[in-house]
Amino acid sequence: MSIRVQSDAFDMGRELNDFAARVAGAGAVVSFTGITRDLGDGDLVVMEIEHYPGMTETALAAIRDQAMARFSLADAMILHRYGALAAADPIMMVATAARHRADAFAAAEFLMDYLKSRAPFWKKEVTAQGAAWVEARAEDEDALARWSPGADQG
Amino acid sequence: MQVEIRYFAWLRERVGTASEQVETQAATVADLIEELRRRDEGYALAFSDTKSIRAALDQTLVDLDAPLAGAREVAFFPPMTGG
């Protein structure tokens, strides 16, 4: 499956091996895994991830379609969890496969940049001091600009 | 027209519900926000800063000036923080 949204934990090594087996012969496989940060002092009790069932899958599929159209890829996958996560839990991963590494690296960054600001997920950090919604960072929105027409990258 | 409004993250917490059916004459998403704001203090607070509000019509992200144009599901939420 190219797009997966699940509450269950996943094994990033197994996911990557499965993906690589599906694209055998591609030449280059790149992956990124996002992992729940420790906030320092082992403070994080739980990270709650809310999402918009239905729109989430549609948005991720659209982002993947854009990557497939824009880069020369054999395949691309996106896996994202929701629900309650503990510190050091893998949250999400993307993997791309291409004939050459440049496309695989660029497509993985493209997927991440779009996913961060355009897929309907919201994180809430629960610590011993209370709960707080994670705020969107301006840099994440800015990161999209480099993929727009006229930008010299991509 | 009748629309289902869905709220996520801190917008859901501030308005106090995840979804509701609303009868509205609003022409655009921004007009609908204006109608909601006038309801009570909770809605006024939730929608006080439109810069930090994103909207989707029938599960597609739109600008706040988008026409409602027969949408069945309107969603409001803060900027997304996935990844």
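Predicted model: local features only at pLDDT ≥ 70, side-chain atom pairs only at ≥ 80, totals over all residues.

User: Let us begin with strands. Which strands pair with β4(A), and in which sense?

Analyst: For each pair, ask about the sense and the number of bridges. Strand β1(A), residues 3–6, pairs with β4(A) in the parallel sense over four bridges. One bridge links I3(A) to I78(A) in β4(A). Strand β6(A), residues 90–98, pairs with β4(A) in the antiparallel sense, over seven bridges. There, M77(A) stands opposite A95(A).

User: Is β4(A) mostly covered or open?

Analyst: Mostly covered. Strand β4(A) spans residues 73–81, and eight of its nine residues are buried.

User: Now β7(A). How many of its residues are buried?

Analyst: Six of its seven residues are buried, so β7(A) counts as mostly covered.

User: Which strands does β7(A) pair with?

Analyst: β3(A) pairs with β7(A) in the antiparallel sense, over seven bridges. In that pairing, M47(A) has E125(A) as its bridge partner. Strand β8(A), residues 130–133, also runs antiparallel to β7(A), joined by four bridges. K124(A) has W133(A) in β8(A) as its bridge partner.

User: How many residues lie between β7(A) and β8(A) in their hairpin?

Analyst: Two residues lie between them.

User: On to cores. What is the general idea?

Analyst: Nonpolar side chains tend to be buried together in soluble globular proteins.

User: How many residues does the largest nonpolar core have here, and which have the most contacts inside it?

Analyst: The largest core has 33 residues. F47(B), F76(B) and F77(B) have the most contacts inside it. Several elements of chain B each supply at least two of its residues: β1 (2–7), α1 (9–15), α2 (29–37), α3 (41–46), β3 (54–57) and β5 (73–77).

User: Which residues does F47(B) touch?

Analyst: Leave out residues up to four places away in sequence. F47(B) then touches Y7(B), L11(B), V15(B), I33(B), L36(B), R37(B), I53(B) and F76(B).

User: Next, pockets. What is the volume of the largest pocket, and how many residues line it?

Analyst: The largest pocket has a volume of about 800 Å³. Its lining has 35 residues. Those nearest its centre are V134(A), E135(A), A136(A), D140(A) and T81(B). Elements of chain A that give two or more residues to this lining are β2 (28–35), β3 (44–51), α3 (101–118), β7 (121–127) and α4 (138–145). By class, the lining has 16 nonpolar, seven polar and 12 charged residues.

User: And what is the volume of the second largest pocket?

Analyst: About 180 Å³. Its lining includes F32(A), F105(A), M112(A) and D140(A). Helix α3(A) gives the largest share, six residues. The classes are six nonpolar, one polar and five charged. D140(A) lines this pocket, and D140(A) is also among the residues nearest the centre of the largest pocket.

User: Last, single residues. Is M1(A) buried or exposed?

Analyst: Compare the relative accessibility with the cut-off. M1(A) is at 69%, so it counts as exposed, since exposed means over 50%. M1(A) sits in the segment before β1(A). It touches R22(A) and M77(A), again leaving out residues up to four places away in sequence.

User: Which non-glycine residues have a positive phi?

Analyst: Two examples will do. A9(B) has a phi of about 55 degrees. A9(B) lies in helix α1(B) and is buried, at 1% relative accessible area. Q59(B) has a phi near 70 degrees. Q59(B) lies in the loop between β3(B) and β4(B) and is partly exposed, at 21%.

Note on methods
Residues numbered from 1 in each chain as written. Chains lettered and ligands numbered in written order. Heavy atoms only, no water. 1 Å grid on protein atoms, 1.4 Å probe; cavity = no way out; pocket = protein on both sides within 12 Å on 5 of 7 lines; lining within 4 Å. Points joined across faces, edges and corners; volume = space filled by probe spheres on them. Nonpolar A, V, L, I, M, F, W, Y, C, P; charged D, E, K, R; others polar. Core = buried A, V, L, I, M, F, W, Y, C linked by side-chain atoms within 4.5 Å. Buried < 20%, exposed > 50% of the residue type's maximum accessible area, 1.4 Å probe, protein only. Contact = heavy atoms within 4.5 Å. Pairing = 2+ DSSP bridges.
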